[in-house]
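Before reading on, please take a moment with the sequence and the coordinates shown here. The paragraphs that follow go from the chain as a whole to its helices, its sheet and its core.

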Amino acid sequence: MSMNFVFDSALEDTAKRLCYKYWSYASPSDYIAHLELLCYDHNTETDVLFATLAKCQVYLDDVHCEYCGRPYQLDVPADVPYARRLNSWFCEGCISFSGGQLIVDR
Ligand SMILES: [Zn+2]
């Protein structure tokens, strides 16, 4: 599996490592435990963790909008298995532009 990371330019290397670690985990079953462990390991609080994650955009390398080729942007790690199950995907921009002619495969 391959993801592309786009970081806020102000983000430090330690914060970037935190983002990589957060996104290395894609099983939603013990998501909370994963967050707690990340905070514990990095000696930080959950709100700081989320503030850091908000400065990092993550895209799937192998799932693209069938119409414009834009990569799939992830919100949470649980999106990864979801996106991989899609046979095809259209980004929101293309769906609204098409006025409903493009249908999302769910
Ligand atoms: Zn598109």
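**From chain to core**

Followed along its sequence, the protein chain runs through the pattern β-α-α-α-β-β-α-α, which amounts to 5 helices and 3 strands. The model is a predicted one, and every value discussed here is computed from it. Taken along the principal axes, the C-alpha atoms of the protein chain fill a box of roughly 50 × 30 × 20 Å. Of the 106 residues in the protein chain, 9% are buried, and among the contacts between residues at least 6 apart in sequence, 46% join residues at least 24 apart.

Let us turn to the helices. The axis of helix H1, which spans residues 13-23, and the axis of helix H3, which spans residues 46-53, come within 10 Å of each other and cross at roughly 90°. Because angles of 65 to 115 degrees count as roughly perpendicular, H1 and H3 are therefore described as roughly perpendicular to each other. On the H1 side, the residues that meet H3 are Ala15, Leu18, Cys19 and Tyr22, while H3 contributes Leu49, Thr52 and Leu53. In this contact of H1 with H3, 6 of the residues are nonpolar and 1 is polar, with no charged residue taking part.

The strands come next. They form an open sheet of 3 strands in the order S1-S2-S3, with antiparallel pairing. Strand S1 (3-7) and strand S3 (71-74) stand at the edges and have a single partner strand each, so one side of each is left without a neighbour in the sheet. Neighbouring strands of this sheet are turned against each other by 35° on average, with direction ignored. In general, strands of a sheet pair through backbone hydrogen bonds, in either a parallel or an antiparallel manner. Here, strand S2, covering residues 56-64, runs antiparallel to S3 and is joined to S3 by 3 bridges. Which residue in S3 is the bridge partner of Tyr59? The partner is Gln73.

What remains is the nonpolar core. Which residues make up the largest nonpolar core? The set has 7 residues in all, namely Val58, Tyr72, Leu74, Val80, Trp89, Phe90 and Cys91. One of these core residues, Cys91, also touches Cys65, Cys68 and Arg70, when residues up to four places away in sequence are not counted.

Definitions and conventions. Residues numbered from 1 in each chain as written. Predicted model: local features only at pLDDT ≥ 70, side-chain atom pairs only at ≥ 80, totals over all residues. Core = buried A, V, L, I, M, F, W, Y, C linked by C-beta atoms within 7 Å. Buried ≥ 20, exposed ≤ 12 C-beta atoms within 10 Å, placed from the backbone. Contact = placed C-beta atoms within 7 Å. Axes fitted to C-alpha atoms, helices over the stretch in contact; angles between N-to-C directions. Helix = DSSP H or I, 4+ residues; strand = E, 2+ residues; numbered from the N terminus. Parallel < 35°, antiparallel > 145°, perpendicular 65-115°, else oblique. Nonpolar A, V, L, I, M, F, W, Y, C, P; charged D, E, K, R; others polar. Pairing = 2+ DSSP bridges.
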